[in-house]
Amino acid sequence: MTTTHDTRAGRWVAARQLPVDVPLIPSATRNTLRRAATVYAAVWIAGALLLAFGNNRAGVLGAGMMVPGGGHLASGHVVHAVVAMLVFVSALLVWWMIGAVVAPIVVWVGFAIEATATAGHAHSTTTLVIITACLIPGLSAAALSVHAVRHRAQIARARTINTELSAVRYFESAVPSTPEPPVAEASAEDLAHLRFAVDLALQPLDEFAGFDRRDQFREAALRYQLSILGYALSMYRFTHTPAFSGYLSEAQERAVLKMGDRRVWGYWAAENAWGRMSLDRDPVENRDNVMLTGWQGVAVGMYESFGDDRFSRPGGLTYTWSESEKYEHDFTRLAESIHRNMKRSPYTLFSCEPRWIYPVCNTFGVNTLILHDRLHGTDFYAELRDDIEHAYEREFQRPDGRLIGVRNETLGLTWNIWASEGVSLPTTYWMNAFLPDQAHRAWWLLRRNALTYDGERYALPRNAGNRCDVGSYSFGSDSFSQTFLSLSAREMGDNDVADAAFAYVDGKEEVTRHSGVARYSGLSTQGNLYSLMARFARPSVNRDLIGAGLPAHWITGPRLAEVAYPQVLVAKAVTDGRALDLVLPPGSACARTAVVVDRLRPHSSYALRGGIDESVVADSAGKAVLHFDLEDRTVLRVEPTW
């Protein structure tokens, strides 16, 4: 039965139980592990044959094939072997961080060759040979045994959790959650912080002043900052100024176009080369890179939701390597790439860096499909819905409900260090748009297992992941994680947590102000942009914008089209399809000024309240100029006289 909750339409739903029929190793992961084990077994057997029947050098080479540094270990050079293994572990870390699968391969092969070349100094013993031969098989067996013990414990916890979940109900908002989404008026403080994002976006396309420049491979990369910039601007337009294009639309457009700069997407040429052994630099037509196609796809879909399809036209998204090498794509090509890669992947979810699958990044890929389906009538998400649900619950979730934050598509392996609340919170936030039952369960589990309340605020566990600003890689402060806690809590309808977390960050962080622009000085650019999303959020707002978009009359009704920024700011702009209501504070000094309104009925008369003239007449293009005296809070209303 449809009901309402804090003005949202929807229904109360029993919480989704955790599956307890979970196999020790999920099916796709099991197949991947089996293939990896088969390849290693073949290499191990070849090495064993060289050890058993080859000469001294061949035997050292065979030992080196069995384990990184094995040639040194079997030869009695234990210190050299330890060094080789440490270097190999570092190479694995490099592979994870930047997708360079060649790094561990080169290290393994290199040390095998080096040990073979120095085999004349070998001091081999039968014991060392046996240790070398059994090291990886033994560690693998031990790891499997530990995993089995932990798996049983997680199943037991899942049963306990399910007992508690049986009494839990949550409110699943309809899509849209209301036929007339609420539109609020921005405060002076809201506008000052918003101007930080607007000014970032409006600078020339080839300039990146104000963006953090750490690296282009990991979380602080420009592509993430630009995407979040687009989300923040979209969220403000949706909740405060749906009937305004002007400088906000231009800012969104530039945030998208900047992604085509080689300094933003050029990382892919390197990652595809050392991760897939391919010299193809195309950032869209490939097997991976959801960290671009998905993240940018959501920004484009949100922008297009306001009625402008420029990025769906051929060449609308162009990635420039040089004047002679450009990759011309569009919104549909992004969605097709995501859809194709999800269908190809045995996990359904697919890689960011080559061979590394992150469920959080795939939420952007899924939401891109939903946006494209809504805007263009495709069925990309509908075709994959069941597989996506299965992937998140069966392949990327432990039995006790904890997120598996990353999995290697080649080896099937994962680790717990990438499963903190700093990873699960954004996954929950973006998942609410397409798997609300899993998202609400994840939120309930986070409140149960991680949040503690001290009477003033809700604290997350004090671990490195929750005390890191990923936009700058700085450690020590929990402001970034509290910002995302506020954003996620608001989306899930937990206003108490959202209010407390936002107030904590707002009270803790120093605000730097310059020429009417405000930002939190202790937060990275990415952190400031997420804080804007939290500032302008409401329950289910992301679910609404992605799944439903704007009401039709917001797209067709009168719209504020042009204002002089930053002299004139827009705190509110909304239409009922016929009239237009505006609240316009000054960005600088008060003065007589004018704005342009469009989407009026051509040659028709409209009454103007709050302006110099009492009425205006639309021209043949449906535009009219409104003259008024800009005051501290100028309220204008344009309504038809017919």
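Start by selecting Y40, W44 and L51 in helix α1: they meet V129, A133, I136 and P137 in helix α6, where contact means heavy atoms within 4.5 Å. Helices here are DSSP runs (H or I, at least four residues), and strands are runs of E of at least two, numbered from the N terminus. The residues of this contact divide into seven nonpolar, no polar and no charged; Ala, Val, Leu, Ile, Met, Phe, Trp, Tyr, Cys and Pro count as nonpolar, Asp, Glu, Lys and Arg as charged, and the others, Gly among them, as polar.

A note before you go on: this is a predicted model, in which local features need pLDDT of at least 70 and side-chain atom pairs count only at pLDDT 80 or more, while totals for chains, interfaces and linings use all residues. Residues are numbered from 1 along each chain as its sequence is written, and side-chain values use heavy atoms, without hydrogens and water.

Now show all of α1 (residues 27–53) and α6 (residues 126–165). Their axes come within 11 Å and cross at roughly 175°, with axes being lines fitted to C-alpha atoms over the stretch in contact and angles running from 0 to 180 degrees between N-to-C directions. That makes α1 roughly antiparallel to α6, a label for angles over 145 degrees.

Next, select R8, F171, E172, S173, N432, P436, H440, E491, M492, S540 and R543, which line the largest cavity. By class, this lining has three nonpolar, four polar and four charged residues. Finally, colour β3 (169–173) and α17 (436–449), the elements that give two or more residues to the lining; β3 gives the largest share, three residues.

Note on methods: On a 1 Å grid over the protein atoms alone, a cavity is a set of points where a 1.4 Å probe fits but cannot get out, and a pocket is an open set with protein on both sides within 12 Å along at least five of seven lines; lining residues have an atom within 4 Å of a point. Angles under 35 degrees count as roughly parallel, over 145 as roughly antiparallel, 65 to 115 as roughly perpendicular and the rest as oblique.
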